[in-house]
Amino acid sequence: MTQPPAPTSLVPPGPPAGGAAHPERPRITELRLSAFTGHRRAALPLGPLTLLAGPSGCGKSSALRAYEALARLGAGAALGEAFPDPVACVPERARPDAQRRRGFRIGCTADGPAGPVRLDVAVQAEPHLRVVGERLTAGGLVLLETALRDPGKRAVQAAWHTAGPTPVPHGPLPDDRLGTALLPLRVAGTTPGQRRVLAAAEQMVVALRSVFACDPDPSRMRGPVPAGSGRLFGGCGNLADVLWRTRAECARRHTQFVAAVRAGCAGPVADVLAVPSAGGTVRAVLDRGDGIRTEFGRLGDGELRYVALALVLLTGPGVLEVDPAGEVPAALQTLTVLADGLDRGLDPGQRGELLRLAARMCERGHIRLVGAVSDASWAAGTDGVGVVHLKP
């Protein structure tokens with residue numbers, strides 16, 4: 001995977017228009033699905049803790065996939081990595097043009113030191129996967145704009161803002177990458193306008209990266225797993241391996257995790273740990289505190305999903321299988337957890353405990369959560385929770 005270049009600075013050359021205060025940690029505040037699967041002209045506001053609610057088929061999972069794809073592009077991934085099945089992203093009723101071309105459009109807004117920055121991307125899915133247009137804007141000013149001028153070439157023509165004595169520069173960019181992530185390679189930063197372009201692009205890239213998409217699969221969490229890197233996968237099947245690591249790394253965080261598990265699992269819970277098993281594997285168990293240890297294979301699906309999601313919320317990029325911006329200080333980054341089926345298999349008590357834990361963690365500012373639920377009525381009255389209702 002091609003990585004975007006290291007940001008030079010996240011501090012804009014001057015205060016945002018209007019002098020409004022903006023967060024130090026860049027974060028995505030809106031996801032736009034202009035034409036993506038079943039979505040048309042959808043703008044989804046995203047706060048620290050957002051639940052996407054609606055019946056099956058309303059597009060909750062596809063919205064999370066769009067967010068994850070943008071995150072991959074921001075990290076330097078090629079279009080094929082971000083959209084492994086691009087044709088499935090095309091609106092079902094979209095008709096091809098005379099050249100048999102069909103595609104989709106997505107975008108987002110990132111707020112941070114540079115103020116609100118908008119990114120909008122048009123992708124051609126057929127007959128060839130490519131970016132056909134991209135626009136980065138801030139304060140109504142177009143900072144980067146790309147367009148496919150010659151379908152016979154695997155490049156788009158790009159133009160970016162300078163606010164200097166030279167005309168707006170033009171140049172080719174590859175049509176299988178996000179131009180915003182490549183701007184620091186092309187923009188010198190010698191004029192105030194160029195520095196504004198760089199600050200906006202870097203803010204967008206940092207806001208998009210550090211995303212962990214998870215949907216715990218209980219069937220993969222029950223048995224022993226090989227000891228590995230200790231980094232949790234999206235399906236949480238290697239949770240025992242991660243417990244082997246985290247229990248020894250931070251006693252305070254592990255104590256919080258055990259308290260959360262105790263609140264959501266049946267019976268007494270004195271500890272949650274991993275123990276060696278045959279063949280160099282480890283298995284996860286609940287220590288009941290009376291000499292009895294319950295293997296995870298005996299727990300219900302709801303208990304396993306609850307335990308996995310609690311661990312995700314109480315850890316960070318160093319434990320989760322994510323791609324953080326390593327060249328940016330952790331204090332300027334925010335981890336975003338995308339949780340599909342957040343309430344799947346959970347009983348009312350588990351849902352409430354998990355939501356309260358998520359609200360506490362998101363309030364601190366270093367983690368954000370976007371979760372998909374079928375019905376968000378059970379979340380009513382919980383401080384810090386925003387609900388976006390989707391309709392089929």
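Here is a short chat about salt bridges in this predicted model.

User: How many salt bridges does a search of the whole structure find?

Analyst: The search turns up 18 salt bridges.

User: Why is the contact between Asp176 and Arg177 called a salt bridge?

Analyst: Their side chains have N and O 3.9 Å apart. The cut-off is within 4 Å, so the pair counts.

User: Is Arg177 buried or exposed, and how do you know?

Analyst: Arg177 has a relative accessible area of 19%. Buried means under 20%, so Arg177 is buried.

User: What makes Arg283 and Glu295 a salt bridge?

Analyst: Their closest N and O atoms are 2.9 Å apart, and that is within 4 Å, so they qualify. The pair links distant parts of the chain: Arg283 sits in strand β13 and Glu295 in strand β14, 12 residues apart.

User: Why is Glu295 called partly exposed?

Analyst: Glu295 has a relative accessible area of 35%. Exposed needs over 50% and buried under 20%, so Glu295 falls in between. Arg283, at 25%, gets the partly exposed label too.

User: How do you know that Glu353 and Arg356 are separated by about one helical turn?

Analyst: Both belong to helix α8 (residues 348-363) and are 3 residues apart, so about one turn separates them.

User: Which residues are linked in a network of salt bridges?

Analyst: That network joins Glu30, Arg32, Arg118 and Asp120.

How values were computed:
Residues are numbered from 1 along each chain as its sequence is written. This is a predicted model: local features need pLDDT of at least 70, side-chain atom pairs count only at pLDDT 80 or more; totals for chains, interfaces and linings use all residues. Side-chain values use heavy atoms; hydrogens and water are left out. Buried means under 20% relative accessible area, exposed over 50%, partly exposed in between (1.4 Å probe, protein chains only). Helices (H or I, at least four residues) and strands (E, at least two) are DSSP runs, numbered from the N terminus.
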